[in-house]
Amino acid sequence: MFQPAISVPDHLLDQPGRWFLFDERNRLLLAEGRPPVSVEAPPGTTDLHVLGHDAGGPIRAGRLPAGYDVDRPDGLDGLGEGDAIVIDLRRAYAVLDEEEWILAGRAAQILTWDVDHRFCSRCGTGTEPHHRDRARSCGDCGHLAFPRLTPAVITLVERDDGRALLAWGRQFPGRFYSALAGFVEPGETLEQCVSREIREEVGIEVEAIRYFGSQPWPFPHSLMIGFNASYAGGELVLQEEEIVEADWFRHDELPPVPTGRMSIAGWLIEDWVARQTGRT
Ligand SMILES: [Zn+2]
């Protein structure tokens, strides 16, 4: 089981472990389809972080040098010529197992936070890694910057006639429909955020807001918190800047929707379909 840590315990120091290495465009390096295994950091690697360890040894993250040529992976043990690729984290879901993909996301979030906090946001002085915690500290004013997480709720609203609310968001890369999602604001509970987002985006009221599950979403630093909710009243009035189209759908007449394990939107919709068809 993965154990998070910010340094490697002594008894694991001589184990090769795994490296989650990203280029400057946040693409993950894979060697023969897996995160590289190496005792030493590849030459020129920066932003070294220990993520933790598991049965396979230490798990580390780092940033490949600018212009790193994947056809000449010098210093990466066990890597034959032409075997290394860099791949977008979303695409890596298809080749990594789920646990490895989650670790890759953890690595990407920590590296992104690190590069985004080189200077103190309060006084502008250059920051240094904190001696004990996963933080960057300002030697001038003492301000600490911890890894940033942005919580967002995603909610599948159901009606008691067997239909669920799905919306085509303007931000989506193509025409598909999903559960409604939005970022949590300061001072707000998750339940208040669910109600507000749905009211703002489609104009209806919900009740019986029930926790469903959560998922780290490293694009670039979200935590998705999933809910089910029941329709309580109102007519659909779409917020046009956010929503192209939204409607109530039956499980056997679904528009294009996310499927599979990659996103919590897919889990929410598949769970609902399974309940509608009596399979759970
Ligand atoms: Zn400062």
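# Reading a Predicted Structure

Student: Is Asp47 buried or exposed?

Tutor: Asp47 is buried, its relative accessible area being 18%. Buried means under 20% relative accessible area, exposed over 50%, and partly exposed in between (1.4 Å probe, protein chains only). This is a predicted model, in which local features need pLDDT of at least 70 and side-chain atom pairs count only at pLDDT 80 or more, while totals for chains, interfaces and linings use all residues. Residues are numbered from 1 along each chain as its sequence is written, and side-chain values use heavy atoms, leaving out hydrogens and water.

Student: Where does Asp47 lie, and what is its phi?

Tutor: Most residues other than glycine have a negative phi, and most peptide bonds are trans. Asp47 has a positive phi, near 55°, and belongs to strand S4 (residues 46–54). Strands (E, at least two residues) and helices (H or I, at least four) are DSSP runs, numbered from the N terminus. Asn26 also has a positive phi, near 65°. Asn26 sits in the loop between S2 and S3 and is partly exposed, at 29% relative accessible area.

Student: Which peptide bond is cis?

Tutor: The bond from Phe219 to Pro220 is cis, with omega near -5°. Pro220 is in the loop between S13 and S14.

Student: Which residues of the largest nonpolar core touch the most other members?

Tutor: A nonpolar core is a set of buried Ala, Val, Leu, Ile, Met, Phe, Trp, Tyr and Cys residues joined through side-chain atoms within 4.5 Å. The largest one here has 40 residues, and Phe20, Phe22, Leu28, Leu51 and Leu156 touch the most other members. Elements that each supply at least two of its residues include strand S2 (18–22), strand S3 (27–31), helix H2 (98–116) and helix H4 (264–276). H2 gives the largest share, 8 residues. Domain 1 (3–116) and domain 3 (150–276) each contribute at least three residues to this core; the bounds come from an automatic or database domain assignment. A second, separate core of 18 residues has Val157, Ala167, Ala229 and Trp248 among its members.

Student: Which residues does Phe22 touch?

Tutor: Contact means heavy atoms within 4.5 Å. Leaving aside residues up to four places away in sequence, Phe22 touches, among others, Arg27, Leu28, Leu89, Ala104 and Leu111.

Student: In what order do the strands of the open sheet stand?

Tutor: Two strands pair if DSSP finds at least two bridges between them. Here 3 strands form an open sheet, ordered S7-S8-S9 with antiparallel pairing. Strand S7 (127–129) and strand S9 (144–145) are at the edges with a single partner strand each, so one side of each has no neighbour in the sheet. S7 is joined to strand S8 (residues 136–138) by 3 bridges, and Glu128 stands opposite Ser137 in S8.

Student: How much space lies in the largest pocket, and which residues lie nearest its centre?

Tutor: On a 1 Å grid over the protein atoms alone, a pocket is an open set of points where a 1.4 Å probe fits, with protein on both sides within 12 Å along at least five of seven lines; lining residues have an atom within 4 Å of a point. Grid points are joined across faces, edges and corners, and a volume is the space filled by probe spheres set on the points. The largest pocket holds about 950 Å³. Its lining has 33 residues, with Gln171, Phe172, Ala181, Trp217 and Met224 nearest the centre. Strand S12 (180–183) is one of the elements supplying at least two lining residues, and S12 gives the largest share, 4 residues.
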